[in-house]
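Q: Could we go through the terms used for this structure and set each of them against its definition?

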Amino acid sequence: MTVSPDLDRRFREAAFTLDLVDIGFDVLDSPIGPLFVAASARGLAAISFQTDPEDQLERMARIGGPAVLRSPRSVEGARRELDEYFAGRRRIFDLALDLRALPAFTVSVLHELARVPYGETTTYGALAARVGRPKAARAVGTVMNRNRIPIVLPCHRVVGASGDLVGYAGGLDRKITLLELEGVR
Amino acid sequence: MMHAVAIPPFEHFYEQHRVEVLRLLRRRLGAERADDAFQETFLRALRAYRRLEHGEHLRAWVLTIAQNVALDALRRATPTAELVESGAEDSRPAYEELAALTDGLPPKERAAVVLRYGYDLSYDQIAAALGSSPNAARQAASTGVRRLRRSVSS
């Protein structure tokens with residue numbers, strides 16, 4: 001015996017509608033592969049290229065609480081904006097973000113990162129300077145590597161001082177694809 | 001050293017127990033009415049989930065919630081149904097340890113006593129299982145214990 005897809009869907013919808021979900025997630029298709037996307041009532045909490053929920057759900061529970069549930073409705077806004085972005089019809093994301101459980105330095109770097117415009121690149125050192133820590137390029141690199149909300153927080157627009165792409169938590173291929181999508185290179 | 005069992009993300013809890021919950025509800029209510037009861041069971045569990053203190057006995061907990069949701073549905077359908085009887089028959093999963101001792105108690109008191117003293121759950125958790133307030137759960141457990149004492153001593 002199994003729980004029918006319809007019954008399963010109705011439960012997940014009701015849970016969302018009644019506001020009982022701490023963090024809702026779903027796995028979305030995209031041109032750079034499937035994306036694990038998670039959001040709380042505060043906003044988008046995570047995007048990951050690691051889509052196996054086993055790896056992700058405990059992490060989500062630590063951010064928002066144990067009521068973590070797959071809930072397509074929770075990530076509807078993110079799905080729409082990501083689709084528009086990948087179709088080349090969106091340059092700025094209007095999504096609220098949930099940056100709970102991140103260190104203050106990380107949050108300030110991510111705020112600066114969010115201001116790097118579509119289709120442009122900056123460097124780790126320049127970003128460090130903009131948060132008032134000009135010598136912290138390496139620490140900024142670590143923040144980029146652990147960026148909880150890639151794509152929307154555009155760590156793919158950050159490159160090495162010499163113009164090298166350097167690295168990307170999702171793999172360099174994805175970084176190149178995103179930059180090409182935005183008309184860079 | 002004892003460590004409290006971590007509370008799993010609700011998605012894992014739901015995936016692990018949903019088939020068993022649906023099976024229980026179908027047995028009690030029939031396939032048609034089981035669907036609504038299934039949704040109600042997991043919504044009750046989800047409502048209480050943030051207040052859980054540990055992740056032990058979650059199976060007993062959710063099956064007790066399902067029992068009580070089924071009981072409520074039966075009560076609505078047939079207001080004269082004898083609750084003591086409907087509570088006794090399918091209650092094995094949640095009641096196995098204290099089953100014999102608490103057999104004569106009304107269903108809510110029985111559930112409260114077993115969950116409190118058999119499984120060491122908090123009154124918040126028991127309240128979710130019973131669909132009542134924590135105070136009502138506490139009262140049901142203490143009334144049940146008093147009733148047991150009387151029946152043992154008489």
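This is a predicted model: local features need pLDDT of at least 70, side-chain atom pairs count only at pLDDT 80 or more; totals for chains, interfaces and linings use all residues.

Q: What makes β2(A) and β3(A) a pair of strands?
A: Two strands pair if DSSP finds at least two bridges between them, and β2(A) and β3(A) have four bridges, in the antiparallel sense. Another of the facing positions joins A:Ala39 to its bridge partner A:Leu44 in β3(A). The hairpin of these strands has four residues between them, and there A:Gly43 takes a positive phi near 150°.

Q: How do you know that β1 and β2 of chain A pair, and in which sense?
A: Strand β1 (residues 23–28) and strand β2 (residues 35–39) of chain A are joined by five bridges in the antiparallel sense, and A:Val27 is found opposite A:Phe36 in β2(A). Six residues lie between β1(A) and β2(A) in their hairpin, whose turn holds A:Gly33 with a positive phi of about 100°.

Q: Which strands of the open sheet are called edge strands, and what makes them so?
A: The sheet has four strands in the order β3-β2-β1-β4 (chain A), with mixed pairing. Its edge strands are β3 (44–48) and β4 (68–70) of chain A, since each pairs on one side only. From one strand to the next the twist averages 20°, angles being taken from 0 to 180 degrees between N-to-C directions of axes, which are lines fitted to C-alpha atoms, for helices over the stretch in contact. Helix α2 (residues 53–64) of chain A packs on this sheet, touching β1, β2, β3 and β4 of chain A, and its direction makes about 160° with that of β3(A).

Q: Why is β2(A) described as largely enclosed?
A: A residue is buried if 20 or more other C-beta atoms, placed from the backbone, lie within 10 Å of its own, exposed if 12 or fewer do, and partly exposed in between. Five of the five residues of β2(A) are buried, so the strand is largely enclosed by the rest of the structure. A:Leu35, A:Val37 and A:Ala39 point one way from β2(A), A:Phe36 and A:Ala38 point the other way, and all are buried. For β3(A), five of the five residues are likewise buried, so this strand too is largely enclosed by the rest of the structure.

Q: Why does A:Arg133 count as partly exposed?
A: A:Arg133 has 15 C-beta neighbours inside 10 Å, and therefore counts as partly exposed. A:Arg133 lies in the loop between α5 (124–130) and α6 (137–145) of chain A, and its C-alpha atom is separated by 9.9 Å from that of A:Val109, 24 residues apart along the chain.

Q: What describes the packing of α7 and α8 of chain B?
A: Two packed helices are described by the angle between their axes and the distance between the axes. For helix α7 (residues 107–118) and helix α8 (residues 123–130) of chain B, the axes come within 10 Å and cross at roughly 145°. Residues are in contact if their C-beta atoms, placed from the backbone, lie within 7 Å, and the contact is made by B:Lys108, B:Ala111, B:Ala112, B:Leu115 and B:Arg116 of α7(B) with B:Ile126, B:Ala129 and B:Leu130 of α8(B).

Definitions and conventions
Residues are numbered from 1 along each chain as its sequence is written. Chains are lettered from A and ligands numbered from 1 in the order in which they are written. Helices (H or I, at least four residues) and strands (E, at least two) are DSSP runs, numbered from the N terminus. Two residues are in contact if their C-beta atoms, placed from the backbone, lie within 7 Å.
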